Amino acid sequence: MKKLRFGNYEIHRFDKLNIGIFEVLPVDSEVKRGRAEFRISDDGKRLQFLGKYYGSYAAAARALHKMLAAQHIEDPGVASVADALERARDEFRPVSEAIGAWAEDMEAAR
């Protein structure tokens, strides 16, 4: 998964470790000067980073849901996606832990 778009916002991988929330900029928008971070979405629209990093897509989706609620914008899709991502992460956790334990055993056997 790389990007999730909800209205005028996109949850997008910022770097190897972080997920960020970006605002989808209108096509005719002016480039803001300063230290603004931009990305390009799959559809060619420019994205402006809102300035906060999240460790997971679920955490970013929860933060976006709160941000939209504060603006009195209701998008139930954001909360349901966050729930689904958290469930998937919880269901995968035993597999991840087993792989980690196996890797430690292999390292110890060296």
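**View 1. Aromatic pairs of the predicted model.** The structure holds five aromatic pairs, where rings of Phe, Tyr and Trp (its six-membered ring) pair if their centres lie within 6.5 Å, and planes under 30 degrees apart count as stacked, over 60 as edge-to-face and the rest as tilted. Ring pairs link Phe14, Phe22, Phe49 and Tyr53 into a cluster. This is a predicted model, in which local features need pLDDT of at least 70 and side-chain atom pairs count only at pLDDT 80 or more, while totals for chains, interfaces and linings use all residues. Residues are numbered from 1 along each chain as its sequence is written, and side-chain values use heavy atoms, with hydrogens and water left out.

**View 2. The tilted pair of Phe14 and Phe49.** The ring centres of Phe14 and Phe49 are 4.5 Å apart, with 40° between the planes. Phe14 lies in the loop between β2 and β3 and Phe49 in strand β5 (residues 46–54), so the pair ties together parts that are 35 residues apart in sequence. Helices (H or I, at least four residues) and strands (E, at least two) are DSSP runs, numbered from the N terminus. Phe14 has a relative accessible area of 12% and is buried; Phe49, at 11%, is also buried. Buried means under 20% relative accessible area, exposed over 50%, and partly exposed in between (1.4 Å probe, protein chains only).

**View 3. The tilted pair of Phe22 and Phe49.** Here the centres are 5.3 Å apart and the planes at 45°. Since Phe22 belongs to strand β3 and Phe49 to strand β5, the pair ties together parts that are 27 residues apart in sequence. Phe22 is buried, at 0% relative accessibility.

**View 4. The nonpolar cores.** A nonpolar core is a set of buried Ala, Val, Leu, Ile, Met, Phe, Trp, Tyr and Cys residues joined through side-chain atoms within 4.5 Å. The largest has 13 residues, and those with the most contacts inside it are Ile11, Ile19, Ile21, Tyr54, Ala60 and Leu64. At least two residues of this core come from each of β1 (3–6), β2 (9–13), β3 (19–24) and α1 (57–70). Helix α1 gives the most, with six residues. A second, separate core of five residues includes Phe14, Phe22, Val24 and Phe49.

**View 5. A nonpolar surface patch.** Phe92, Val95 and Ile99 make a nonpolar surface patch of about 290 Å². Patch residues have over 30% relative accessible area and no salt bridge, and nonpolar side chains (Val, Leu, Ile, Met, Phe, Trp, Tyr) are joined within 5 Å. A salt bridge is a side-chain nitrogen of Lys or Arg within 4 Å of a carboxyl oxygen of Asp or Glu. Val95 sits in helix α2 (residues 76–109) and is partly exposed, at 42% relative accessibility.

Key:
Patch = residues over 30% accessible without salt bridge, like charges linked within 9 Å, V, L, I, M, F, W, Y side chains within 5 Å. Areas by Shrake-Rupley, 256 points an atom, 1.4 Å probe, with all protein chains shown as cover.
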